[in-house]
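The entries follow in the order in which I made them.

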Amino acid sequence: MSLSRAAVLALGATSLVALLVPNFIERAAAQTAGLAKDAPVTPENWPARAATVAADPAVERQVDALLAAMSIEQKVGQIIQADIASVTPDDVYRYHLGSVLNGGNSDPGGRYNAPAKDWLTAADAFYAASMKRHGNLPRIPVIWGSDAVHGHNNVVGATLFPHNIGLGAARNPDLIRRIGAATAIEMRVTGLDWTFAPTLAVVRDDRWGRTYEGFGESPEIATSYAAPLIEGLQGKIGEKDWLRGPHIIATAKHFLGDGGTSGGKDQGDAVMPEAQLRDLFSPPYLPALDAGVQSVMVSFSSWNGVKMHGNPSLMTGVMKDRWNFDGFLVGDWNGHGQVAGCTATDCPQSVIAGLDMYMAPDSWKDLYRTTLSHARGGTLPLARLDDAVRRILRVKVRAGLFEAGKPSSRPYGGRFELLGSKEHRALAREAVRESLVLLKNAGGLLPLKAGGQILVAGDGADNLTKQTGGWTLSWQGTGTKRSDFPNAQSIWEGIDEAVKAAGGTATLSTDGSYSAKPDVAIVVFGEDPYAEFQGDRPDVGYDDAKNLALLRSLKAAGVPTVAVFLSGRAMWVNPFLNASDAFVAAWLPGSEGGGVADILFGKADFRGKLPYSWPRSSDQTAVNVGDANYDPLFAYGFGLTFADKGDLAPLSEARARAAIADPGTLFAAGKPGSGRRLLLGAPDALSTNPGPQLIEARPADRTAQEDSVRLRWTGAGHAVATIAQDTPADLTRQTNGDLALELELKVNAAPSADVSLLMGCGANCAGGIPVRSLLTEAAKADKWTRITVPLRCFEKAGVDMARVETPLTLATAGSLDITLSSARIVSPSGPQLACK
């Protein structure tokens with residue numbers, strides 16, 4: 001960071017923040033010729049199925065009695081789910097809320113690493129509030145939903161299984177059943193009774209940031225896994241412990257076509273004929289329903305321009321009428337707000353179309369008010385409201401919640417020794433062993449002899465954060481530390497244990513340096529953690545200059561080398577394959593790094609097979625088995641064993657000139673644009689994670705979950721926050737072309753001192769404009785504001801536009817509270833600030 005303290009302070013600046021996330025959702029998705037917008041599906045063209053669970057007269061009588069005794073206010077409350085970061089137990093009581101959830105970054109007490117006992121205490125508190133007498137109204141227990149997508153992954157100490165992409169490689173339905181059962185027990189320990197899993201997405205474009213949540217590119221694997229996983233979570237229909245005891249409520253998601261959006265865009269548009277939507281994406285839902293899944297989550301995405309949250313032909317016509325699903329449909333994070341004509345706080349259209357429970361994390365209170373008004377006024381028909389409530393109550397009755405008592409008193413409640421238990425960790429280790437896919441084994445290097453001198457290198461070797469991936473303690477899986485994983489073993493720790501047991505010596509050297517030449521090196525590297533939005537990519541090329549140089553240096557030194565690649569998708573890694581003697585696709589293995597060591601040292605053979613076709617080039621983003629001209633590097637189902645000849649001819653290392661991230665986007669999808677970094681803190685001590693002393697940064701929502709960031713300058717001292725570039729940018733052409741820097745933000749509290757909006761061009765080179773008065777006026781308006789500053793303004797202020805190193809900096813000597821949504825260099829279409 002070369003913007004000097006003097007340069008910043010000369011402009012009257014102090015705290016500085018430049019976080020922004022452009023609107024990630026393409027609300028007006030491009031339509032393909034011949035596919036009519038708003039055209040519904042024809043349910044008769046979809047396979048018919050009978051109801052899974054025979055109607056139980058006793059259950060229906062209980063539901064009838066409850067409905068008859070409920071007030072309209074209570075009914076509206078039942079169809080609304082609020083996030084624990086935005087709701088209290090008292091709110092649950094006052095508004096009769098039927099459900100709460102914890103989003104990926106929501107935890108008891110606001111602590112990402114809150115101990116398990118705090119989860120159980122919170123579960124008891126929400127339950128007690130829901131069961132507190134409210135006049136003569138019936139008492140209806142609340143249910144708590146959580147994204148337990150690879151184990152009970154929100155809770156410190158829980159067993160973390162491989163993400164679904166790895167489980168897809170295992171091709172083992174019995175393993176999946178046992179993982180479901182273990183996850184359910186660990187959730188019961190902390191008092192939770194409902195998981196938003198399994199994800200049954202069929203992923204057709206690996207640019208999608210949720211690729212690792214899908215079992216594969218073909219419906220085959222998800223279809224074979226759906227029933228055993230759901231039975232592991234819920235138990236079997238007809239058995240006494242179905243939905244109770246060691247079991248919980250499961251969710252099939254995301255209905256429908258979430259993995260088929262154009263360009264792999266999260267929350268995007270699946271543009272395709274009805275037959276393709278049906279035949280590619282719906283097959284896994286049929287065995288899920290056959291297994292008795294009790295909730296189905298509706299997808300954020302669209303089909304031919306129509307949001308799933310507002311599609312009656314799919315939600316009601318197919319899921320409820322054609323497939324006879326009698327559980328309930330739950331929305332995704334404020335997904336109803338994306339329906340045409342809706343906002344997050346006002347959307348009867350979604351329930352009318354078939355949604356039964358709004359997921360309204362932070363919008364719940366205003367949504368309750370408007371929904372109640374629509375129900376009273378007839379905009380939301382009472383018959384549809386009653387049907388939604390009936391479905392929710394039916395599941396609660398089936399799950400025995402009315403007689404279960406508080407969560408801590410239920411079976412397994414508070415048995416914290418079961419979190420990360422020996423048995424569950426052994427199961428996870430087995431899953432790791434079965435998930436690994438061997439892509440190259442030149443000269444039969446593997447299996448290794450554990451008794452030798454083993455060098456272990458790479459930034460993923462001793463890195464639980466990288467190893468466990470997204471949806472681990474935090475939404476994106478970032479910001480964690482080793483102590484957050486008390487019941488876990490890194491890949492390095494697993495290797496070290498195996499080598500010591502065999503009498504050998506293992507040395508950890510992240511950079512690959514050594515004093516004595518090792519017999520073999522194991523280099524562990526790969527993608528950093530991510531989840532939805534932030535995980536979307538412009539192509540599938542993996543770039544990592546540091547670890548590539550490490551592999552090449554070991555090769556040049558004649559050290560046999562095994563590459564262990566951590567990733568949430570199949571990626572173009574030709575240079576890394578060339579530089580390695582053996583190459584293992586390890587996916588995101590979770591908490592049990594010892595499973596990797598088991599295979600490398602031959603305690604078991606490789607059995608994993610690719611669930612996704614491996615790309616031949618970095619722009620081969622949508623390569624799927626069955627495609628015309630199908631030509632991957634490694635085909636769907638490929639996977640070597642020790643007995644196979646594993647040599648691989650040298651591969652082309654030419655990276656395709658493919659979809660590079662828009663250089664005009666300074667920050668997008670929750671992360672800086674290509675080649676950029678976000679730095680916060682004092683001018684002489686900038687950091688990517690400076691702590692709250694000078695600037696507090698918290699995720700915030702605008703139109704989607706955490707698509708913005710709230711930034712609060714404390715006024716405690718001089719600070720800057722800036723977007724810095726790895727290499728200087730020449731913006732002279734953009735300046736001459738009258739482009740502008742455009743910000744979209746909301747000012748929550750006006751600045752208490754001068755604020756400068758700056759660009760920097762190296763040491764002692766910066767310039768900008770004062771924006772205090774503009775932000776003060778925006779605070780009074782209390783709404784989203786667009787600020788557009790011509791690039792010429794920065795040029796006039798002294799910035800050398802041929803070498804811009806920091807294209808965005810905010811600086812102030814006082815306090816300031818804003819929520820930033822986007823920042824781009826654009827062709828301006830509206831009013832611009834005048835240069836002085």
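Entry 1. I began with Cys793, which is buried at a relative accessible area of 4%. I noted that the model is a predicted one. I then looked up the partner of this cysteine: Cys793 is joined to Cys835 by a disulfide, with an S to S distance of 1.8 Å. The link of Cys793 and Cys835 is left-handed, with -90° about the S-S bond. I located both ends and found that the pair links distant parts of the chain. Cys793 belongs to helix 23 (residues 791–796), Cys835 lies in the segment after strand 30 (816–826), and the two are 42 residues apart.

Entry 2. How many disulfides does the structure hold? I recorded three. One of them joins Cys342 to Cys347, with 2.1 Å from S to S. The link of Cys342 and Cys347 is right-handed, at 65° about the S-S bond. I listed Cys342 and Cys347 as buried. Another disulfide is formed by Cys761 and Cys765, whose sulfur atoms are 1.6 Å apart. The link of Cys761 and Cys765 is left-handed, with -75° about the S-S bond. Cys761 and Cys765 are both buried. I wrote down the pairing as 1-2, 3-4, 5-6, with the bonded cysteines of the protein chain numbered in sequence order.

Entry 3. I turned to the charged side chains and noted 52 salt bridges in the structure. I looked up Asp174 first. Asp174 forms a salt bridge with Arg178, and the closest N and O atoms are 3.1 Å apart. I recorded Asp174 as partly exposed, with a relative accessible area of 42%. Arg178 also counts as partly exposed, and its relative accessibility is 32%.

Entry 4. I next examined Arg204 and Asp627, whose side chains meet in a salt bridge at 3.8 Å, N to O. This pair links distant parts of the chain, 423 residues apart. Arg204 is in the loop between strand 4 (194–195) and helix 8 (219–234), while Asp627 is in the loop between helix 20 (594–600) and strand 18 (665–668). Is Arg204 buried or exposed? Arg204 counts as buried, because its relative accessibility of 17% is under 20%. Asp627, at 28% relative accessibility, counts as partly exposed.

Entry 5. I then looked up Arg655 and Asp539, whose side chains meet in a salt bridge of 2.7 Å, N to O. This pair, too, links distant parts of the chain, 116 residues apart. I placed Arg655 in the loop between helix 20 and strand 18. Asp539 is in the loop between strand 15 (520–526) and helix 18 (545–556). Arg655 counts as partly exposed at 29% relative accessibility, whereas Asp539 is buried at 2%.

Entry 6. Which residues are linked in a network of salt bridges? I recorded Lys320, Asp356, Arg384, Asp387 and Arg391 as linked in such a network.

Terms used:
Residues numbered from 1 in each chain as written. Predicted model: local features only at pLDDT ≥ 70, side-chain atom pairs only at ≥ 80, totals over all residues. Heavy atoms only, no water. Salt bridge = Lys/Arg side-chain N within 4 Å of Asp/Glu carboxyl O. Buried < 20%, exposed > 50% of the residue type's maximum accessible area, 1.4 Å probe, protein only. Helix = DSSP H or I, 4+ residues; strand = E, 2+ residues; numbered from the N terminus. Disulfide = S-S within 2.5 Å.
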